[in-house]
Amino acid sequence: MSTSTPTTPAPADPARGGIWKRSRGFEPAVRLLFLNQLTINLGFYMLMPYLAAHLADGLGMAAWAVGLVLGARNLSQQGMFLVGGALADRLGFKPLIVAGCALRTVGFGALAFAQSLPVLIAASLATGLAGALFNPAVRACLAAEAGEQRRVEAFALFNIYYQAGILLGPLVGVALTGVSFRLTCLVAAVLFLGLTLVQLRHLPVSAGGGRPEPKDGAEDGTRGQFRTVLGNRTFWLFSLAMTGSYVLSFQVYLALPLAAGGSGVTTALFVVSALVALAGQLRITAWCAARLTRERSLVLGLALMGGAFLLLALLGRGAPALLLCAAVLAVANAVLYPYEMDTVVALSRGRWVATHYGLYNTVCGVGITLGNLGTGVLLDATGWTAVPWLALCAVGLGCAAAVALLGRGGRLRTE
């Protein structure tokens, strides 16, 4: 494979149509998965940003209890991603997508009425487990239904719907929570119930397949499934190299809001991030596909992430610098996401794709936890000096170098 030509087919020119026209060019199952992710994020982000305030102010819970409830959701989701992906490959993608949405319906409905700590923890665990069930299945199903030739384009559109849900969710949530948090929970539960019924009826049973056909005498049992995935050394190296991108992206929720010190700037950070994705994703993906290999697109995205924090080291933490950092991070994510998701599929070589996605999410989830801990320690030790920003910049550049080495060694070439 020549390093001067793209390794994945280029998406169609964005000039031929906008988001809606491009979406209609896919099969109904793919369009339903776009709607699925928009609704998932809409329902999630209209509720979760306001849960901590409800627990602390509405129910009068101590800070440790609030942290326990929120941590339970994250633990159950991150800890069960691999299991969710493995089940999706075993049972088929549709059952896991439907089950996950149904479970989140129950979890959000329970949050509307929960008063005691045990019930709140159980509801939080249910919402997290739900994400672990449908998240790998949705991505694996999308990759299979879009096909190799249009996989990158499909994931670019998928990211637009993903970001649209993040943008709209808090806006709807703040209006509903102004009436009551219980109303917010019930509306979110109704959204997931509707999504469950729509997918139960309209998502084909055959969508995305499920268990792959054995290849070259490969084991098809559960032991063989996990041996194939856990023994994929190149996939492990890629996952570890990409973990830094999740640590850096998460700073929109951690370091940047802390640096902003005000709700107005914090809200603007999320708006800027979402608008960049909505307005630029298709053109950014088309530009990369026309000029760069898959590996070079990944390297560029990671380097841009590191550069975003270099801007803060140079410009300080004023509102303009923070918004510029958020915008560059959003551009970097738009560069990365379609090729990142495509590479996971490519490295799986069509074997146990959902299980690979589950393991990838687990590795990155652990990385986020450790990265946030390290960022917090740096902020406590050095304050708002250039040190934390330079450290985050180094993470991005280090990950870019790691992916470049994998690409140069031919490890990411799957043809």
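Trainee: Which residues form a nonpolar patch on the surface?
Mentor: Keep in mind that this is a predicted model. In it, Leu310, Leu314, Leu315, Leu324 and Leu390 make up that patch, and together they have about 470 Å² of accessible area.

Trainee: OK, and which helix gives the most to the nonpolar patch?
Mentor: That's α13, with three residues.

Trainee: Take Leu310, then. Where does Leu310 sit, and how exposed is it?
Mentor: Leu310 is in helix α13.

Trainee: Where is the kink in α10 centred?
Mentor: On Ala241, and the kink is about 25°. Ala241 is also one of the buried residues of α10, along with others including Phe235, Phe238, Met242 and Leu248.

Trainee: What do the buried residues of α10 pack against?
Mentor: Four helices: α13 (294-315), α14 (319-348), α15 (353-382) and α16 (387-408).

Trainee: Speaking of α16, what about Val395? Which residues is it in contact with?
Mentor: Val395 lies in α16. Leaving aside neighbours within four places in sequence, Val395 is in contact with Gly244 and Leu248, and both of those are among the buried residues of α10.

Trainee: And how far is Val395 from Gly306?
Mentor: Their C-alpha atoms are separated by 6.7 Å, though the two are 89 residues apart along the chain.

Trainee: What's the relative accessibility of Val395?
Mentor: It's 32%, so Val395 counts as partly exposed.

Technical notes
Residues numbered from 1 in each chain as written. Predicted model: local features only at pLDDT ≥ 70, side-chain atom pairs only at ≥ 80, totals over all residues. Heavy atoms only, no water. Bend = angle between axes of the 7 residues up to and from the residue. Helix = DSSP H or I, 4+ residues; strand = E, 2+ residues; numbered from the N terminus. Buried < 20%, exposed > 50% of the residue type's maximum accessible area, 1.4 Å probe, protein only. Contact = heavy atoms within 4.5 Å. Patch = residues over 30% accessible without salt bridge, like charges linked within 9 Å, V, L, I, M, F, W, Y side chains within 5 Å. Areas by Shrake-Rupley, 256 points an atom, 1.4 Å probe, with all protein chains shown as cover. Salt bridge = Lys/Arg side-chain N within 4 Å of Asp/Glu carboxyl O.
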